[in-house]
Amino acid sequence: QVQLVESGGGLVQVGGSLRLACAPSDRTFNSARMGWFRQAPGKEREFVAAIDWSSGSTRYADSVKGRFTISRDNAKNTMYLQMNTLKPEDTAVYSCAAQRPRRPDYDYWGQGTQVTVSS
(Lines give C-alpha, C1' and ligand atoms only; values in the text may rest on other atoms or scores of the structure.)
Protein backbone atom coordinates (compact mmCIF):
# COMPACT_ATOMS: atom_id res chain seq x y z
CA GLN A 1 0.00 0.00 0.00
CA VAL A 2 1.10 3.60 -0.57
CA GLN A 3 3.09 5.12 2.27
CA LEU A 4 3.41 8.75 3.30
CA VAL A 5 6.94 9.65 4.32
CA GLU A 6 7.81 12.65 6.50
CA SER A 7 11.20 14.27 6.83
CA GLY A 8 12.80 17.36 8.32
CA GLY A 9 12.18 16.91 12.01
CA GLY A 10 14.84 17.53 14.59
CA LEU A 11 16.02 19.59 17.52
CA VAL A 12 15.82 23.37 17.36
CA GLN A 13 16.15 26.24 19.82
CA VAL A 14 13.34 28.57 20.80
CA GLY A 15 12.75 31.08 18.03
CA GLY A 16 14.34 28.88 15.41
CA SER A 17 12.93 27.45 12.21
CA LEU A 18 12.40 24.05 10.68
CA ARG A 19 10.86 22.77 7.46
CA LEU A 20 9.01 19.48 7.26
CA ALA A 21 8.25 17.61 4.06
CA CYS A 22 5.84 14.83 3.20
CA ALA A 23 5.62 12.78 0.03
CA PRO A 24 3.87 9.56 -0.97
CA SER A 25 5.97 6.56 -1.90
CA ASP A 26 4.07 6.23 -5.18
CA ARG A 27 4.02 9.17 -7.60
CA THR A 28 0.57 8.17 -8.85
CA PHE A 29 -0.99 8.71 -5.43
CA ASN A 30 -3.69 11.36 -5.68
CA SER A 31 -4.93 13.52 -2.81
CA ALA A 32 -7.78 15.97 -2.53
CA ARG A 33 -6.36 17.45 0.65
CA MET A 34 -3.25 17.01 2.74
CA GLY A 35 -2.49 18.18 6.21
CA TRP A 36 -0.25 18.16 9.24
CA PHE A 37 -1.17 16.99 12.73
CA ARG A 38 0.87 16.81 15.90
CA GLN A 39 0.77 14.97 19.18
CA ALA A 40 2.67 15.87 22.32
CA PRO A 41 3.24 13.39 25.16
CA GLY A 42 0.10 12.92 27.23
CA LYS A 43 -2.03 14.96 24.85
CA GLU A 44 -4.52 14.27 22.10
CA ARG A 45 -3.49 14.60 18.49
CA GLU A 46 -4.31 18.06 17.19
CA PHE A 47 -4.76 19.66 13.82
CA VAL A 48 -1.98 21.97 12.66
CA ALA A 49 -2.55 22.93 9.03
CA ALA A 50 -4.15 21.71 5.82
CA ILE A 51 -4.01 22.48 2.11
CA ASP A 52 -6.38 21.75 -0.74
CA TRP A 53 -4.24 20.11 -3.39
CA SER A 54 -5.80 21.63 -6.48
CA SER A 55 -6.61 25.15 -5.31
CA GLY A 56 -3.87 25.68 -2.75
CA SER A 57 -6.37 26.96 -0.21
CA THR A 58 -5.03 26.65 3.33
CA ARG A 59 -6.17 26.74 6.92
CA TYR A 60 -4.31 26.75 10.22
CA ALA A 61 -4.80 26.09 13.87
CA ASP A 62 -4.93 29.32 15.86
CA SER A 63 -1.83 28.31 17.78
CA VAL A 64 0.36 28.38 14.67
CA LYS A 65 -1.15 31.18 12.59
CA GLY A 66 1.46 33.70 11.53
CA ARG A 67 4.31 31.32 12.33
CA PHE A 68 3.72 28.23 10.19
CA THR A 69 3.17 28.04 6.44
CA ILE A 70 1.86 25.01 4.59
CA SER A 71 2.56 24.62 0.88
CA ARG A 72 2.73 22.07 -1.87
CA ASP A 73 4.81 21.34 -4.96
CA ASN A 74 2.56 19.76 -7.56
CA ALA A 75 5.43 18.61 -9.77
CA LYS A 76 7.06 16.74 -6.90
CA ASN A 77 3.75 15.75 -5.29
CA THR A 78 5.24 16.94 -2.01
CA MET A 79 3.80 18.93 0.88
CA TYR A 80 5.80 21.19 3.18
CA LEU A 81 5.37 22.82 6.54
CA GLN A 82 7.63 25.80 7.18
CA MET A 83 7.78 26.42 10.92
CA ASN A 84 9.16 29.72 12.17
CA THR A 85 9.46 31.34 15.58
CA LEU A 86 9.24 27.94 17.21
CA LYS A 87 8.12 27.64 20.81
CA PRO A 88 8.53 24.86 23.38
CA GLU A 89 4.79 24.22 23.02
CA ASP A 90 5.44 23.16 19.42
CA THR A 91 7.36 20.10 20.62
CA ALA A 92 5.52 17.04 19.32
CA VAL A 93 5.50 14.24 16.81
CA TYR A 94 4.30 15.73 13.54
CA SER A 95 2.39 13.48 11.17
CA CYS A 96 1.46 13.92 7.55
CA ALA A 97 -2.04 12.95 6.43
CA ALA A 98 -3.84 12.70 3.11
CA GLN A 99 -7.47 12.64 2.08
CA ARG A 100 -8.07 10.87 -1.19
CA PRO A 101 -10.69 12.13 -3.66
CA ARG A 102 -14.27 11.23 -2.79
CA ARG A 103 -13.32 10.24 0.74
CA PRO A 104 -14.99 11.91 3.74
CA ASP A 105 -11.83 12.40 5.78
CA TYR A 106 -8.11 11.74 6.06
CA ASP A 107 -7.37 8.07 5.45
CA TYR A 108 -3.61 7.91 4.89
CA TRP A 109 -1.08 8.73 7.60
CA GLY A 110 2.67 8.86 7.85
CA GLN A 111 4.74 7.47 10.69
CA GLY A 112 5.56 10.91 12.05
CA THR A 113 8.70 12.94 12.63
CA GLN A 114 9.85 14.31 15.97
CA VAL A 115 10.16 18.06 16.46
CA THR A 116 11.77 19.19 19.69
CA VAL A 117 12.05 22.86 20.62
CA SER A 118 14.55 23.48 23.38
CA SER A 119 13.82 26.16 25.95
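Colleague: In which sense do β3 and β8 pair, parallel or antiparallel?

Modeller: This is a predicted model. In it, β3 and β8 are joined over five bridges. The sense in which β3 and β8 pair is antiparallel.

Colleague: How many residues lie between β7 and β8 in their hairpin?

Modeller: Strand β7 (residues 68-73) runs antiparallel to β8, with six bridges joining them. Asp 73 stands opposite Thr 78 in β8. In the turn, Asn 77 has a positive phi of about 50°. The number of residues between β7 and β8 is four.

Colleague: How many aromatic pairs does a search of the whole structure find, and of what kind is the pair of Phe 29 and Tyr 108?

Modeller: The search finds five aromatic pairs. For Phe 29 and Tyr 108, the ring centres are 5.1 Å apart and the planes stand at 70°. Planes over 60 degrees apart count as edge-to-face, so the pair of Phe 29 and Tyr 108 is edge-to-face.

Colleague: How far apart in sequence are the parts that this pair ties together?

Modeller: Phe 29 lies in the loop between β3 (18-24) and β4 (33-39), whereas Tyr 108 is in strand β10 (residues 108-109). Phe 29 is buried at a relative accessible area of 10%, and Tyr 108 is buried at 10% as well. The pair therefore ties together parts whose separation in sequence is 79 residues.

Colleague: Phe 37 and Trp 109 also form an aromatic pair; what is the angle between their planes?

Modeller: This pair links distant parts of the chain, with Phe 37 in strand β4 and Trp 109 in strand β10, 72 residues apart. Phe 37 counts as buried at 10% relative accessibility, but Trp 109 is partly exposed at 30%. The ring centres are 5.0 Å apart, and the pair is tilted, with an angle between the planes of 55°.

Colleague: Which residue has its charged end over the ring of Phe 47?

Modeller: Phe 47 belongs to a cluster linked by ring pairs, together with Phe 37, Tyr 106 and Trp 109. Over the face of Phe 37 lies Arg 45, at 5.9 Å from the ring centre. Over the ring of Phe 47, 4.1 Å from its centre, sits the charged end of Arg 59.

Definitions and conventions
Residues are numbered from 1 along each chain as its sequence is written. This is a predicted model: local features need pLDDT of at least 70, side-chain atom pairs count only at pLDDT 80 or more; totals for chains, interfaces and linings use all residues. Side-chain values use heavy atoms; hydrogens and water are left out. Rings of Phe, Tyr and Trp (its six-membered ring) pair if their centres lie within 6.5 Å; planes under 30 degrees apart count as stacked, over 60 as edge-to-face and the rest as tilted. Helices (H or I, at least four residues) and strands (E, at least two) are DSSP runs, numbered from the N terminus. Buried means under 20% relative accessible area, exposed over 50%, partly exposed in between (1.4 Å probe, protein chains only). A charge sits over a ring if NZ of Lys or CZ of Arg is within 6 Å of the ring centre and within 35 degrees of the ring normal. Two strands pair if DSSP finds at least two bridges between them.
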